[in-house]
Amino acid sequence: MSLNKVILIGNVGKDPDVRYFDSGSAVANFPLATSERGYTLSNGTVVPERTEWHNVVVRRDLVPFVEKWVRKGSGLYVEGKIRTRSYDDPNGVRRYMTEIHADRVEFYSTGSRPADASQGNDVRANLGQGQTRSDASAYQRQAEPRPDTFSDSDASDDLPF
């Protein structure tokens with residue numbers, strides 16, 4: 001496993017920005033919000049909820065899935081790699097941007113908002129295994145409390161559980 005692998009569960013902040021290139025390739029970008037619940041310490045101190053925003057980038061076979069199904073407010077499970085890039089802004093100042101380059105995206109009910117029934121509860125796509133899921137009705141979750149983490153690469157294990 002790569003040391004920069006990350007798994008995020010959160011809500012999409014705005015509709016994905018999808019760009020197609022002359023070469024036929026495409027890229028989609030969207031912000032994903034992840035939150036830690038607030039709590040109260042034993043001494044009465046209230047620690048508020050904390051929300052972090054992540055820039056998610058998807059490429060190749062995953063782009064059509066994101067373009068068709070992912071919308072602002074969608075609850076998502078995202079697996080990917082952390083990448084930091086730099087650029088010079090118009091004033092010549094070096095800027096850094098950290099992004100999550102997604103290898104896998106699934107719908108996931110985060111509990112903070114109801115899942116959109118028109119999207120299906122478990123439409124998923126796996127980059128790297130060459131799979132794109134585009135039919136929501138074919139991939140409804142069977143009332144599992146966590147995302148299905150099975151992938152085709154796990155099939156060779158032949159484990160009964």
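**Strand pairing, core and salt bridges**

1. Ala 33 stands opposite Trp 53 in E6. Strands (E, at least two residues) and helices (H or I, at least four) are DSSP runs, numbered from the N terminus. Two strands are said to pair if DSSP finds at least two bridges between them.

2. On provenance, the model is predicted; local features need pLDDT of at least 70, side-chain atom pairs count only at pLDDT 80 or more, and totals for chains, interfaces and linings use all residues. Residues are numbered from 1 along each chain as its sequence is written, and side-chain values use heavy atoms, with hydrogens and water left out.

3. The protein holds one helix and nine strands. Read from the N terminus, its elements follow the order β-β-β-β-β-β-α-β-β-β. Of its 161 residues, 35% count as buried, where buried means under 20% relative accessible area, exposed over 50%, and partly exposed in between (1.4 Å probe, protein chains only).

4. Further pairings deserve attention. E6 pairs with E8 in the parallel sense over three bridges, and Asn 55 stands opposite Glu 99 in E8. E1 and E7 are antiparallel partners over seven bridges; the bridge partner of Ile 9 in E7 is Tyr 77.

5. How many bridges pair E7 with E8? The two strands pair in the antiparallel sense over 13 bridges. Arg 83 stands opposite Glu 99 in E8. E7 and E8 form a hairpin with five residues between them, and Gly 92 in the turn has a positive phi of about 80°.

6. The largest nonpolar core has 21 residues, and those with the most contacts inside it are Val 56, Val 58, Phe 65, Val 66, Leu 76, Val 78 and Val 105. Such a core is a set of buried Ala, Val, Leu, Ile, Met, Phe, Trp, Tyr and Cys residues joined through side-chain atoms within 4.5 Å. At least two residues of this core come from each of strand E1 (5–12), strand E3 (26–36), strand E6 (50–59), helix H1 (62–69), E7 and E8. H1 gives the most to the core, with five residues.

7. The structure holds nine salt bridges, each being a side-chain nitrogen of Lys or Arg within 4 Å of a carboxyl oxygen of Asp or Glu. One of them joins Lys 81 to Asp 103, with the closest N and O atoms 2.7 Å apart. This pair links distant parts of the chain: Lys 81 lies in strand E7 (residues 75–88) and Asp 103 in strand E8 (residues 94–107), 22 residues apart. Lys 81 is partly exposed, with a relative accessible area of 23%, whereas Asp 103 is buried at 18%.

8. Which residues does its side chain meet in polar contacts? A polar contact is a pair of N or O atoms within 3.5 Å; within protein, one must be able to donate a hydrogen and the other to accept it, and residues adjacent in sequence count only if both atoms are side-chain atoms. The side chain of Asp 103 makes such contacts with the side chain of Lys 5 (3.5 Å) and with the side chain of Lys 81 (2.7 Å). Lys 5, Glu 79, Lys 81 and Asp 103 are linked in a network of salt bridges. Asp 103 and Val 58 are 45 residues apart in sequence and 7.5 Å apart in space, C-alpha to C-alpha.

9. Two other salt bridges may be noted. Asp 89 and Arg 95 meet through their side chains at 3.1 Å, N to O; Asp 89 counts as buried at 13% relative accessibility, while Arg 95 is partly exposed at 39%. Glu 106 forms a salt bridge with Arg 104, the closest N and O atoms being 2.6 Å apart, and both of these residues are buried.

10. Two totals conclude the note. Among contacts in the protein (heavy atoms within 4.5 Å) with a separation of 6 or more, 56% are between residues 24 or more positions apart. The accessible surface comes to about 10,300 Å², of which 48% belongs to carbon and sulfur atoms; accessible areas come from the Shrake-Rupley method with a 1.4 Å probe, and for residues, only the protein chains shown count as cover.
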